[in-house]
Amino acid sequence: MTGSFKYLPSAAGAPSPSEPAETNGWSPAGQSFVLSTPTQIIETLVADNAILSSDTFLLTLGTAPDQAAPKGLLDFPALGRFARLRAWPEPGGGSIALLDRPFSVHRVTAAGPQFLIRAVGPATELLKALPVGSPVRLLGPLGRGLDAACPDFIQKSWYLVAGGAGLGPMASLVDTLGSKARLFYGERTAGNQVSQWWLNSWAGDYAASCDDGTGYGAKGPITLPLAEALQDSPRPIFACGPLPMLKAIAKLAKSYGVEFFAGAETRMACGLGVCMSCSVAGIDGQRLRLCLDGPVIDAHRLDWEVMV
Amino acid sequence: MTVSPQNEDQPDLQVRIGPLVLKNPVIAASGTFGYGLELKDFCPPDRLGAVIVKGLSRTPWPGNSGHRIVEAGGGLINSIGLENMGTEAFVRKALPKLKAAGATVGANIIGHSVEEYLKAAEYLAAADIDFLELNVSCPNLSSPGGLSFGSDPDLAARLTEQAVKYAGPVPVIVKLPPMVTDIALLAKRVEMAGAAGISLINTIPAMSVDLKTRRPILGHVTGGLSGPPIKPVALRLVMICARSVKIPVIGIGGIFTAQDALEFMLVGAAAVQMGTAVLTDPTSPLRVIKGLSAWLKAENMTSLGQLIGKLQTGPPPLAPKDNLG
């Protein structure tokens, strides 16, 4: 059904922390970020589709190894940015999904951008079942990454916190930050956890947790090991995952006085700033569109009491 | 995205809405095209017949909280709640750029009271706006406004009459709701009140629930359904309105392809609006415009006027061999 289980290396190789990859949209000058890829619609193919857990899969877009990837795919920016995806045309000429679905870029491989996706409904189940070579329509890149939200992010050491499918944007950040990143990965239950073998292949020295204690890592929410780490050594946090987790981390970050950038998510229709579906409450009553003002956003700007 | 300019031999897609001449009948529907320029790289606003910007109130509105969209029944239910920057910010920040880009601009206006509608109408009419669309059909307001005006023909007519006065020379079209007792009556009353045209349908009140959590999906509990499932409903209502009034009728509801647009014209729409399709694919209006030209050519027709309202509903003509005399 799906492609072989394999790990595709980053297009630029693993960049050392001192030489961040330009392919991730980061300018080595360290002053500003460069988006070499304009937002566009790219009709592409599934290069690889690998199962990572009972409901999580890793979709790599691009082309067969002997073909050139469509323009814009190899220098696709990541670091928390996202793209709209859909199986197009849908297998069998169906119309299961009306809207594209937004997914953050996991990392950019030698084939093209890769997306870590959790199947939670018909549209994501459809993507999960796509065999290699299936046509996919991508609209992107979209939104702001950590490099845009925090221009000197490369100078800092980070705690990267992933809740469930919040693992989505993490690989490019781990690639870029190298030893300056420590990943925390929490799941509800064993069945949701991605293969530890796969996680070991890229995540470095990570801490895992499983809410019900059925899987690998510590039992309980990921905020417990995070709080311990903050106690030992306060660091800025980037987190992506369910809103209640982000809210809990916002509280932790505040109490430890550290910066907190969230890869926040909401239901989203256009991803381009027109529909206001993803508008969330900021402090002082302002509204923020997560598609344009985020998804990576200074979490202290959000009104978590209203949001969750 | 590059689009070749219209050739001399292209069929004429021009349509008239009251005093307005639109270069083609494809209009971006309010709420799905932002303030007009966000999608310019995919769909330049000057390529459309007109752009109707996000519903504007006199002061900024924050919209509804909680989830605002959900797909259901093959369509989209939204409960955005008319979040918008307000007329003043729009006129100051967005409108000059949109006009400079060459777009024909319609402003959808909304209010909680007659007074709020009229203030918005007056303010926008004084700006460089090509037309107003009076939104009396939004299902996403808890307090008075939107649908509560459109579902009462007396109220809708009074509001239209006033808005037309406040708008002065700027034409006012009225966007009607689908859920009314007598759509023909509503259309006629609005026409008599001085509307330059009517547009319909707005979204159909709807909801979606989560069986697991026993909760509604949308924060506002209910929302408005749009997209492919509402097209048959919209076609019928547009047909009834087109047969009831002399002012132009603009068809809205699940238009994704040129064929969809042509079907609306067949039942009497002088123009169409595309909304949900734009969210699905921001280039879709350009594809529809291209498709309209291609269809006219294939049918050896020179203008859309030859199709608009040409629906045959009488008994089909008897074929000669059946005519036994």
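**View 1. Strand S4 of chain B between its pairing partners.** Four bridges join S4(B) to strand S7 (residues 105-109) of chain B, and the two run parallel; strands here are DSSP runs of E with at least two residues, helices are DSSP runs of H or I with at least four residues, and both are numbered from the N terminus. Two strands are said to pair if DSSP finds at least two bridges between them. Within this pairing, Leu56(B) stands opposite Ile109(B) in S7(B). Strand S3 (residues 26-28) of chain B also pairs with S4(B), in the parallel sense and over two bridges, and here Ile27(B) stands opposite Ala50(B) in S4(B). Seven of the seven residues of S4(B) (residues 50-56) are buried, so this strand is largely enclosed by the rest of the structure; a residue is buried if 20 or more other C-beta atoms, placed from the backbone, lie within 10 Å of its own, exposed if 12 or fewer, and partly exposed in between.

The model is predicted, so local features need pLDDT of at least 70 and side-chain atom pairs count only at pLDDT 80 or more, whereas totals for chains, interfaces and linings use all residues. Residues are numbered from 1 along each chain as its sequence is written, and chains are lettered from A and ligands numbered from 1 in the order in which they are written.

**View 2. Helices H5 and H6 of chain A.** The axes of H5(A) (residues 223-232) and H6(A) (residues 243-256) come within 11 Å and cross at roughly 15 degrees, the axes being lines fitted to C-alpha atoms over the stretch in contact, with angles from 0 to 180 degrees between N-to-C directions. The two helices are therefore roughly parallel to each other, a term for angles under 35 degrees. Thr223(A), Leu226(A), Ala227(A) and Leu230(A) of H5(A) make the contact with Met245(A), Ala248(A), Ile249(A), Leu252(A) and Tyr256(A) of H6(A), where contact requires C-beta atoms, placed from the backbone, to lie within 7 Å.

**View 3. The surroundings of Tyr206 in chain A.** Tyr206(A) lies in the loop between helix H4 (196-200) and strand S10 (207-210) of chain A, and with 20 C-beta neighbours inside 10 Å this residue counts as buried. Leaving aside neighbours within four places in sequence, Tyr206(A) is in contact with Leu183(A), Phe184(A), Tyr185(A) and Leu199(A). Tyr206(A) and Ser157(A), 49 residues apart in sequence, are 14 Å apart in space, C-alpha to C-alpha.

Terms used: Angles under 35 degrees count as roughly parallel, over 145 as roughly antiparallel, 65 to 115 as roughly perpendicular and the rest as oblique. Two residues are in contact if their C-beta atoms, placed from the backbone, lie within 7 Å.
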